[in-house]
Amino acid sequence: MPANLTPEAQAKLAKYSEARTLEEKIRALEEFLSVAPKHKGAENLLLWAKRRLAELREELEERRRKRKGGGGPRIFVEKEGAAQVAVVGPPNAGKSMLVKRLTGARTLVADYPFSTRLPVPGMLPFKDIYFQLVDTPPLSESAPQFIPRVAGIARNADAVIVVVSLEDDPLEQYTRVRDLLAEHGVFIERPRGTVRIVKGGEHGVQVLGTGRIVDGTVKDVEKILTRYRIYRARVYVEGEVSLEDVEMAVLRSSVYRPAIVLANKADLPGTRERYLRLYRYLSERREKSVWLLPVSARTGLNLDRLGELLFRRLNIIRVYTKKPNAEPSKTPVVLPRGATVRDLAEHIHSDMVEYFVYAKVWGPSAKYPGERVGLDHVLEDGDIVEIHSNK
């Protein structure tokens, strides 16, 4: 096993993976930590277990507070608009001022740290759509109670904006935020590979996908899952992964969220070298998967570019529907780039594909105005689509 656990420690982790209630999960992790080996091979697993235990204890305490008080503030934010974007960053980076300036949201802007304690949503207009920006509590190890909350918001979002301040070292701020999110299963730099485990099935353990396991075989994967009492599962592997990645996927689901870094306070003198250091670092990262924009919440520098940048970063398109002999809708349907007429039809109604006859398309993807197309026609941003069905 990657972490070289004793049979007793393996049994405790298996107990955790089978637990259904918060109390059962907490008890299983406490028992695991009491018997887990402290050698170097188990470092990552121990770190995960400690952080997960802290999250579960806080979640349990939150539930108890709500029961006692008959309610409480909501941490979850319902999605609205074309996409939800979590705005995260260290204390005093200027997150709240940026969100307030971009959306008009009633965020608390103060010159002391941790003024934001609950998520505050606001809507950023871009052309004829809106992006929902969610201001979050600061990410800092000096306030560990906020870290799982912020990671949960980022996990639920479609993308992440990381705000760093050019007053201090922006590279140190960025890497700290990145690492804190990663420790809770949210990656903002594209990982080399991902593992997703779907329990159940009829064929034992299957390893599927286009990726590969760099340090083991399917038999090794079976051994890991068996130790967690998982005997039937589909393991989807993309890119290059290790057996440790497989093990962590059993315990914690991980997600990748596209990210934009806003280097705030770019209007201040003497910030150029600090900005260039961050720029060079991000330019060298894998596939340049994190984008960077210098901004100023105080002067408004480059804030007008954020909507376009988010639109491109999310890789989405706007498609307008119309009925025969009618004007196109003013509100577009937002779809991922590469979407087809089938995707649009399914978005409109679950029966639309079943009764589909043909569609007419006006716009960038059409060879001529009103081109007649089928379900597999690939749409482009700005298309107008008229779907004909026999229902």
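This is a predicted model: local features need pLDDT of at least 70, side-chain atom pairs count only at pLDDT 80 or more; totals for chains, interfaces and linings use all residues.
**Figure 1. The whole chain.** Residues are numbered from 1 along each chain as its sequence is written, and side-chain values use heavy atoms, without hydrogens and water. The C-alpha trace spans about 70 × 60 × 50 Å along its principal axes. The chain holds 11 helices and 17 strands; these are DSSP runs numbered from the N terminus, helices being H or I of at least four residues and strands E of at least two.

**Figure 2. An open sheet of six strands.** The order is β2-β3-β1-β4-β11-β12, with mixed pairing. Two strands pair if DSSP finds at least two bridges between them. β2 (120-126) and β12 (290-294) stand at the edges; each has a single partner strand, so one side of each lacks a neighbour in the sheet.

**Figure 3. The pairing of β1 and β4.** Strand β1 (residues 83-88) runs parallel to strand β4 (residues 159-165), and four bridges join them. Val 88 stands opposite Val 162 in β4.

**Figure 4. Helix α6 on the sheet.** Helix α6 (residues 170-182) packs here, touching β1, β4, β11 (259-264) and β12. Contact means heavy atoms within 4.5 Å. The direction of α6 makes about 145° with that of β4. Axes are lines fitted to C-alpha atoms, for helices over the stretch in contact, and angles run from 0 to 180 degrees between N-to-C directions.
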